Amino acid sequence: MTRLIARITGNELLRRRGVLALMLALPLLFFVIRLDTYWTALRMLAIGLGWSMAALALFTQVSALRINGRLIVAGASVSALHLGRQLALWAGGLTLALMYFVVVTLTIAGDLAHLAPVLLALCLTVMISVPLGTVVAAAVPRELEGSLVLLGVMAVQLLVEPAAGWTRILPLWSTRELASYIIGPAGEDHLIRGTLHGIGYTLALSLLAWLLTRRLLRPAPIAMPA
Amino acid sequence: MAELSAAGLPDAEIRTLTDDALAEADDAGNDPASLFGPAVTFARELAAASRGSQPARIRDRVATTSPAESEVVLRLEGVSVRRGRRRVLDGLDLELRRGQVLAVVGANGSGKTTLLEVCAGQLRPERGTVQRTRSVGHAPQQNALAPALTVDEHLMMFGAARDIGPERAIATGHHLLAQLGWRSSGRELVGALSGGTQQKLNVVLAQLDRPDLLLLDEPYQGFDQNTYVDLWELIGGWRDAGTAVLLVTHLLRDLDQVDQVLELPAPVEVSR
């Protein structure tokens, strides 16, 4: 069931060509408009990718709410539906991350202190953003309100100075920490802290997304007739 | 009068309602049709208003099916549901057995769709208990399909939810769709289908594995006359095969084809 849902969700996303075009364009636009300052361009690219993937996860989950409810009545497992859609979103997002890594390699690679961690930063951004959008969808299962919540999170993420201690609670702190290492001259401790933070947030948000989705979709307990 | 009678109102109440309406038109110096609009529509409004002050009740229409010893597939006891400040179901008792068809009628907002959601397990009642067979199909009224998916992708997903392989789900689905007068290639995007054709798929998805209980919320929406007849032939066949059907309807002509009618009263405002 999980594989089938992942495959069908992937097909559904590929058919939404307008959404795909916007998803491709948004991070690229963020990147291109700040290309004069490569360090900002890289951060904007990563945050733009995060915003795109979180928003896509939000819309995917909210638009699937009704049909998920029906499938659960028919006997589908909440976990299988949830995991299937997460896998499709992660697969699509990681493909995008790879594409943007190629773009970075072709444009600003010569300016960067470390190139390979760019792929790590973009992939971790995707891994975090998908469950982030799912968490918002499960907590606020309406598209407009959910989009505004995500916009707020991403705007704060973009505006704050990551050196401040409290900013570690922000989901994409790892992205900016890794960007500091990529741009240089920050040391390897930034790489390690950023990676661990990203993995931790991926796991924590994935767990939270699953719990909230279960709460949202779990059918009422019904006994068999005596 | 025939519409009021079909709605299940007692003869004495029908006479009172029609006499009052005629007297009102006479007093106003108008033809009843110009004052009240089409007779059938007005009769339905009268029937709904008349039921508004009464508790939910079940009337037996036909005694040809539903032997008392057949298996119970749905039982509601004392079920109450609030929607905001309105109590839409209040202490509802209901029992449905294999091979029975129950129509749920009532005015807008009386809780027909809410009742189906409670039976499906999508909504927890405020009070009361629900017992139900695990083998259930649910065809909701709206937004029950994914527009960017094909017909076959829907059939495969709903088949997988019921542990039916993709080939069998597609074959069964196409067969049922053909019985409703539509031969699908399976590759059509659902969002590109007409409302009536989407509704055919909606009904078929609920019936894919011949569940013991079928919950249908106004399943004929968008159907042409032939499909409407085909649907009732299918429901008759499912009933004969032992499926229990709980059907929300606004069409009084449906009531002649069901075993029982559940009339839901208008919702009641409750204090917080």
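Author: A salt bridge joins the side chains of A:R15 and B:E153, with 2.8 Å from N to O. The model is a predicted one, and the rule finds one salt bridge across the interface of chain B and chain A. Around this pair, the contact draws 41 residues from chain B and 27 residues from chain A. Three residues of chain B, namely B:R124, B:M157 and B:A161, supply 21% of the area that chain B buries against chain A, more than any other three residues. Between them, the two chains bury about 2800 Å², and carbon and sulfur atoms account for 61% of that area.

Rolling a probe the size of a water molecule over the atoms shows where empty space is left. Counted by the rule, there are three cavities of 30 Å³ or more.

The largest cavity has a volume of about 70 Å³. Its lining includes A:Q61, A:V62, A:L65 and A:N68, and also A:T134, A:A137, A:A138 and A:P141. A:T213, A:L216 and A:L217 belong to the lining of this cavity too. Four elements of chain A give two or more residues to the lining of the largest cavity: α3 (38-63), α4 (65-74), α6 (116-139) and α9 (188-217). By class, seven of the lining residues are nonpolar and four are polar, while no charged residues are found there.

The second largest cavity holds about 50 Å³ of space. Helices α3, α6 and α8 of chain A each supply at least two residues of its lining. Among the lining residues of this second cavity are A:L42, A:R43 and A:A46, together with A:V118, A:A121 and A:L122. A:T175, A:A179 and A:I182 also line the second largest cavity. The lining of the second largest cavity comprises seven nonpolar residues, one polar residue and one charged residue.

Is A:E177 buried or exposed? A:E177 has a relative accessible area of 4%, and the cut-off for a buried residue is under 20%, so A:E177 counts as buried. Which residues is A:E177 in contact with, leaving aside its neighbours within four places in sequence? Those residues are A:H190, A:R193 and A:G194.

Note on methods: Residues numbered from 1 in each chain as written. Chains lettered and ligands numbered in written order. Predicted model: local features only at pLDDT ≥ 70, side-chain atom pairs only at ≥ 80, totals over all residues. Heavy atoms only, no water. Buried < 20%, exposed > 50% of the residue type's maximum accessible area, 1.4 Å probe, protein only. Contact = heavy atoms within 4.5 Å. 1 Å grid on protein atoms, 1.4 Å probe; cavity = no way out; pocket = protein on both sides within 12 Å on 5 of 7 lines; lining within 4 Å. Points joined across faces, edges and corners; volume = space filled by probe spheres on them. Nonpolar A, V, L, I, M, F, W, Y, C, P; charged D, E, K, R; others polar. Buried area = accessible area lost by both parts, 1.4 Å probe. Salt bridge = Lys/Arg side-chain N within 4 Å of Asp/Glu carboxyl O.
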